Amino acid sequence: MSDTLNIKHVLELLEPYDPGLFPDDITERYGIPSAGIVNLSSNENPYPPPEGVIKAVVEALNSTNRYPDPSYRELKEAISKYVKLDAEWVAVGNGSSDMVDLICKTTLSPLDRVVIPVPTYALYMLASMVWEAGISYVETEDSDFTIKAARMQPLLEDAKLVFLGSPNNPTGVRVKEEELEMMLEAKHATFVLDEAYYEFSGKTAVDLLDEHENLIIIRSMSKYFCLAGLRVGYALSNPQIIEGLEKVRLPFNINSLAKTAAVHALQQMEYYKKIGQRIVSERENLRKELERVGLGPLPSEANFLMVRLPEGLDADEFAQKLAAQGVIVRSLKGLLGLTRKCFRVTVGTEDENRKFIQVCEDVLKSI
Ligand SMILES: Cc1ncc(COP(=O)(O)O)c(C=O)c1O
């Protein structure tokens with residue numbers, strides 16, 4: 001990078017976030033039309049949002065000449081009702097990735113220490129490194145990807161911030177409450193518990209917020225609530241931390257369509273419960289089917305599975321062979337903290353899962 005450009009030097013060390021292959025890439029590469037592509041790569045919900053949400057968003061299009069309410073009071077109140085906490089315990093953002101970024105902005109200074117168990121969601125590293133923090137990684141592969149307080153403890157001593165996925169992406173493993181409580185004893189550190197996939201596990205640490213001032217829970221409306229394309233996420237913590245997040249968030253960080261969709265989605269819980277249960281039951285079918293065809297899915301509490309490949313197979317090559325047949329999964333080759341050869345697959349609709357399994361069988365036979 002040229003010395004004359006006023007760009008942070010740390011950016012020389014960073015790679016942009018890699019979102020993996022998207023359907024347009026497959027059409028361009030293999031000439032497969034979008035209708036023939038099964039996209040199981042981004043942990044999205046395979047079902048559309050409920051009709052009431054779509055209608056409300058279409059209606060809201062008439063008012064896009066106006067800014068949204070800058071306080072997002074209605075949205076915060078809807079979330080507050082959903083999570084059963086007062087609205088001053090809620091901050092909202094443009095997806096939960098915005099919350100990761102806002103938390104780094106409010107807490108980190110150069111050379112601060114961030115502790116991250118791996119393998120995990122790459123954005124925790126990227127967002128921390130932009131603030132020139134030092135990162136300590138904690139390996140979890142030898143404990144079946146469970147996070148152990150005893151292993152974290154020595155690194156927590158000088159930690160400013162700790163990121164914990166629960167259920168974690170890509171392992172699908174949740175942080176056990178007793179382990180979390182032990183870690184939270186490191187009161188000088190702020191713990192971010194990322195519950196982006198909470199609804200698929202049904203287990204949350206919200207009850208710990210009252211007692212632990214150093215805990216922030218972040219959640220996403222991209223997964224369970226089918227709003228990945230609109231971008232809504234939120235953080236739950238004590239009012240002092242929430243006030244800090246409110247100070248650094250950009251004004252109008254959630255657009256009016258996304259805000260409308262989120263408010264209406266939270267009034268349609270029956271729909272979400274129905275599709276949520278369907279996804280969880282499909283996840284277990286998919287796990288059995290993957291085992292039947294000779295692949296190694298790990299137990300998961302989310303809407304995706306991490307799958308181990310048989311000896312001798314390369315994850316990039318396997319994912320590429322699936323892509324050539326119109327099925328997109330995420331190769332986990334080269335992911336920090338993961339030495340096993342694995343890919344991650346999102347639970348799709350029954351038809352999508354069937355096609356995925358069929359293509360896996362074909363590819364396995366061909367190699
Ligand atoms: C663990 C985890 N957290 C956060 C996110 C970001 O979600 P969003 O910004 O769409 O809310 C993702 C996305 O895949 C994720 O896997």
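Modeller: The lining of the largest pocket is made up of 31 residues, and those nearest the centre are D18, A122, R330, K333 and L335. Bear in mind that this is a predicted model. The space inside the largest pocket comes to about 840 Å³. Three elements each contribute two or more residues to its lining: α5 (123-130), α12 (315-324) and β12 (330-331). Of these, α5 supplies the largest share, namely four residues. Sorted by class, the lining of this pocket consists of 18 nonpolar, six polar and seven charged residues.

The volume of the second largest pocket is about 520 Å³. It is lined by 27 residues, with Y17, S42, Y121, K223 and R231 closest to its centre. Here the largest share of the lining is three residues, and α4 provides them. The class counts for the second largest pocket are ten nonpolar, eleven polar and six charged residues.

The loop between β3 and α5 holds P119. The peptide bond joining V118 to P119 is cis, with omega at about 0°. In the loop between α5 and β4 (134-139) sits E132. The backbone of E132 has phi near 60°, which is a positive value in a residue that is not glycine.

The structure contains one cavity of 30 Å³ or more. The volume of the largest cavity is about 40 Å³. Its lining comprises P117, V118, P119, T120, Y124, T140, F145, I147, F163, L164, G165 and N168. Two elements, β3 (113-118) and β5 (161-165), each give two or more residues to that lining. The biggest contribution to the cavity lining is that of β5, with three residues. Eight of the residues lining the cavity are nonpolar and four are polar, while none is charged.

P170 belongs to the loop that runs between β5 and α7 (177-183).

Now back to α4, which was named for the second largest pocket. Helix α4 (residues 96-107) packs against helix α9 (residues 239-248) with the axes 9 Å apart and an angle of about 100° between them. An angle from 65 to 115 degrees counts as roughly perpendicular. The two helices α4 and α9 are therefore roughly perpendicular to each other. On the α4 side the contact is made by M99, L102, I103, K105 and T106, and on the α9 side by G244, L245 and V248. This contact of α4 with α9 has five nonpolar, two polar and one charged residues by class.

A further helix pair packs in another way. Helix α11 (residues 269-292) and helix α13 (residues 350-366) have axes that come within 11 Å and cross at roughly 10°. That angle makes α11 roughly parallel to α13, as angles under 35 degrees are counted in that group. The crossing of these helices is right-handed. From α11, the residues in the contact are E282, L286, E289, L290 and R292, and they meet E350, N353, F356, I357 and E361 of α13. The classes in the contact of α11 with α13 are four nonpolar, one polar and five charged residues.

To return to the request: the part to inspect is the pocket of about 840 Å³, starting from D18, A122, R330, K333 and L335, which lie nearest its centre, and then moving to α5, the source of the largest share of its lining.

Notes: Residues numbered from 1 in each chain as written. Predicted model: local features only at pLDDT ≥ 70, side-chain atom pairs only at ≥ 80, totals over all residues. Heavy atoms only, no water. Axes fitted to C-alpha atoms, helices over the stretch in contact; angles between N-to-C directions. Parallel < 35°, antiparallel > 145°, perpendicular 65-115°, else oblique. Left-handed = near helix turned anticlockwise from the far one by under 90°. Contact = heavy atoms within 4.5 Å. Nonpolar A, V, L, I, M, F, W, Y, C, P; charged D, E, K, R; others polar. 1 Å grid on protein atoms, 1.4 Å probe; cavity = no way out; pocket = protein on both sides within 12 Å on 5 of 7 lines; lining within 4 Å. Points joined across faces, edges and corners; volume = space filled by probe spheres on them.
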